[in-house]
Amino acid sequence: MSTLKELLERDSFIERGARSRARALLDAGSMRELLDPFCGIASPWLPRQGVTAQADDGVVVAKGLFDGQPAVVLAIEGAYQGGSMGEVGGAKIAGALELAARDNRQGVPTRAVILFETGGVRLQEANLGLAAIADIHAAIVDLRRYQPVIGITAGTVGCYGGMSIAAGLCSYLVVTREARLGLNGPAVIEQEAGVDEFDSRNKPFIWSLTGGEQRFHSGLADAYVADDTAQMRATVAELFARGVPARHRSDQAEGYLARLAEVDAAVQATPEAVRLIYSKGVAA
């Protein structure tokens with residue numbers, strides 16, 4: 001249990017904005033932002049719908065060094081439109097990953113970290129956003145052949161929709177206790193399945209099934225860390241040091257399908273039952 005003094009002195013990663021998170025992860029003084037707000041690359045679609053566009057579309061692309069090695073950090077700003085992915089923000093992430101893959105093919109070992117604070121596709125740009133997310137998926141799969149792609153979801157928005165698939169495609173995924181990870185958000189599940197199935201107001205229930213601790217113990221995340229900036233950076237360094245995994249999670253689909261087949265959908269899922277099923281492993 002943390003003391004009050006420890007809590008006050010802790011450098012919270014969650015409380016940082018996207019730009020601050022990216023800067024904290026990269027080597028001091030090495031960060032260079034690509035397509036920063038002064039470039040004025042904003043969504044052309046939001047103003048037409050009465051929504052104020054943000055100059056960076058809620059995505060920070062930071063290039064620099066991590067422990068002296070070339071790296072790019074792609075940070076989604078959860079405070080803007082719930083971190084939703086539209087045409088511009090999605091293209092920035094996909095493009096940066098594609099450039100990192102090109103670097104590797106040219107002998108420059110560029111690695112990537114993606115900071116997921118996103119509800120998924122931006123509804124105001126639905127088709128364009130979905131296409132951009134598909135490009136992100138393809139770019140992750142391309143880059144991870146050369147270098148680890150590390151995903152982080154820390155809080156407070158969580159990681160949902162098509163971007164949760166992007167998180168699952170990463171070589172490694174880091175979560176905190178405050179994180180949430182799921183294909184559909186609580187409100188969407190409640191709307192489709194009913195409040196008896198999933199009460200979106202029941203916060204302990206939501207975190208018990210989709211929170212960071214549960215996702216880690218279910219094998220859907222590779223590291224479970226405290227909300228501490230130094231510990232987050234040290235964890236990323238450790239995962240980079242592991243190199244590219246022998247098998248990515250997406251290469252183990254048959255094993256995951258076998259585990260899902262054991263779920264009795266007629267019975268309300270419990271955290272304990274989910275952990276028990278996934279504790280059997282997913283080796284195909």
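Buried means under 20% relative accessible area, exposed means over 50%, and partly exposed lies in between (1.4 Å probe, protein chains only). This is a predicted model, in which local features need pLDDT of at least 70, side-chain atom pairs count only at pLDDT 80 or more, and totals for chains, interfaces and linings use all residues. Residues are numbered from 1 along each chain as its sequence is written, and side-chain values use heavy atoms, with hydrogens and water left out.

**Exercise 1.** Classify Glu 238 and Arg 242, and state how they pair.

*Solution.*
- Step 1: Glu 238 has a relative accessible area of 47%, so Glu 238 is partly exposed.
- Step 2: Arg 242 is at 45%, so Arg 242 is partly exposed.
- Step 3: A salt bridge needs a side-chain nitrogen of Lys or Arg within 4 Å of a carboxyl oxygen of Asp or Glu. Here the N to O distance is 3.5 Å, and the two side chains form a salt bridge.
- Step 4: Both sit in helix α9, four residues apart, so about one helical turn separates them. Helices are DSSP runs (H or I, at least four residues), strands are runs of E (at least two), and both are numbered from the N terminus.

**Exercise 2.** Locate the partners of the salt bridge between Asp 222 and Arg 249.

*Solution.*
- Step 1: Their closest N and O atoms are 2.6 Å apart.
- Step 2: Asp 222 lies in the loop between α8 (212-217) and β7 (223-225), and Arg 249 in the loop between α9 (229-242) and α10 (253-260). The pair is 27 residues apart and links distant parts of the chain.
- Step 3: Asp 222 is partly exposed at 24%, whereas Arg 249 is buried at 13%.

**Exercise 3.** Describe the largest nonpolar core.

*Solution.*
- Step 1: A nonpolar core is a set of buried Ala, Val, Leu, Ile, Met, Phe, Trp, Tyr and Cys residues joined through side-chain atoms within 4.5 Å.
- Step 2: The largest one has 32 residues. Ile 93, Leu 97, Phe 116, Ile 136, Ile 140 and Met 163 touch the most other members.
- Step 3: Helix α3 gives the largest share, six residues.
- Step 4: Apart from this core lies another of 25 residues, among them Ala 22, Ala 71, Val 73 and Val 113.

**Exercise 4.** List the contacts of Met 163, leaving aside neighbours within four places in sequence.

*Solution.*
- Step 1: Contact means heavy atoms within 4.5 Å.
- Step 2: Met 163 is in contact with Ile 76, Met 85, Ile 93, Phe 116, Thr 118, Gly 120, Ile 133 and Ile 136.
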